[in-house]
Amino acid sequence: PTRRVGGEPIEGFVTRRHSIPMMSLENSYNPDDLRRFHEYVRRGLGSDSVTYVIEPKVDGVSISVGYEDGLLTQALTRGNGTEGDDVTANIRTIPSLPLRLDAASPPAVVEARGEVYMSRAGFAELNQRREAAGETPFANPRNATAGTLKQLDPRLVAERPLDCVFYAFGEVRGLAVHSQIELLETLRRFGLRTQGAPAV
């Protein structure tokens, strides 16, 4: 617990390159988009037998959290997809995020990718505290999360109700995963939160 919050504010954020680019998720609003996507997948796989995994989308701030030999070493925002800001000191303050993977023999490298967010209840409580202190309430949870991650003082970040969920891997060494279901099970086994059991 004493390693979650650093002693002094940092002077600024360092931009670092992602080992594997972080792509953004696309939106779809009608059945025709889904049919086109299915055709694209079917042609790409060369098969009519396709299985999909459906997971709820969390509207937060994309994050890539790196572990080496099981220890958290780096957390980067998505940034432009190629480079992101190093927000490791702030990510360490999230209570649900393990500083060490729950694995007896962890992989050499694991990059877990997901979203940092505020729950509705946490956001409402944060705004109540701000109003009681005479401060302007935040407009919405996503902007509050983004602003919190860019705070230079991790002690202030630790006072905000941040949480995170994961749904993908970036760079991985020493670990083989063959499906999205297996990926989600692996994340949970490591102690990283996901969006519950996926629908297939």
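Colleague: How many helices and strands are there in the protein chain?
Modeller: This is a predicted model, and its elements follow the pattern β-α-β-β-β-α-β-α-α-α-β-α when read along the sequence. Counted by type, the protein chain has six helices and six strands.

Colleague: Which residues have the most contacts inside the largest nonpolar core?
Modeller: Of the 200 residues of the protein chain, 36% count as buried, and the largest nonpolar core has 29 residues. The elements that give two or more residues to this core include strand S2 (61–68), strand S5 (109–118) and helix H3 (120–132). Those with the most contacts inside the core are Val65, Ile91, Leu97, Phe166 and Leu192.

Colleague: Which residues does Val65 touch, leaving aside those up to four places away in sequence?
Modeller: Across the protein chain, residues 24 or more positions apart account for 73% of the contacts with a separation of 6 or more. With residues up to four places away not counted, Val65 touches Leu72, Gln74, Ala75, Ile91, Leu97, Val110, Glu111, Ala112 and Phe166.

Colleague: How far apart do the centres of the positive and negative side chains lie?
Modeller: The accessible surface of the protein chain comes to about 11800 Å², of which carbon and sulfur atoms hold 50%. There are 24 positive and 26 negative side chains, and the centres of the two sets lie apart by 0 Å.

Technical notes:
Residues numbered from 1 in each chain as written. Predicted model: local features only at pLDDT ≥ 70, side-chain atom pairs only at ≥ 80, totals over all residues. Heavy atoms only, no water. Helix = DSSP H or I, 4+ residues; strand = E, 2+ residues; numbered from the N terminus. Buried < 20%, exposed > 50% of the residue type's maximum accessible area, 1.4 Å probe, protein only. Contact = heavy atoms within 4.5 Å. Areas by Shrake-Rupley, 256 points an atom, 1.4 Å probe, with all protein chains shown as cover. Lys, Arg positive; Asp, Glu negative; His and termini not counted. Charge placed at Lys NZ, Arg CZ, Asp CG, Glu CD. Core = buried A, V, L, I, M, F, W, Y, C linked by side-chain atoms within 4.5 Å.
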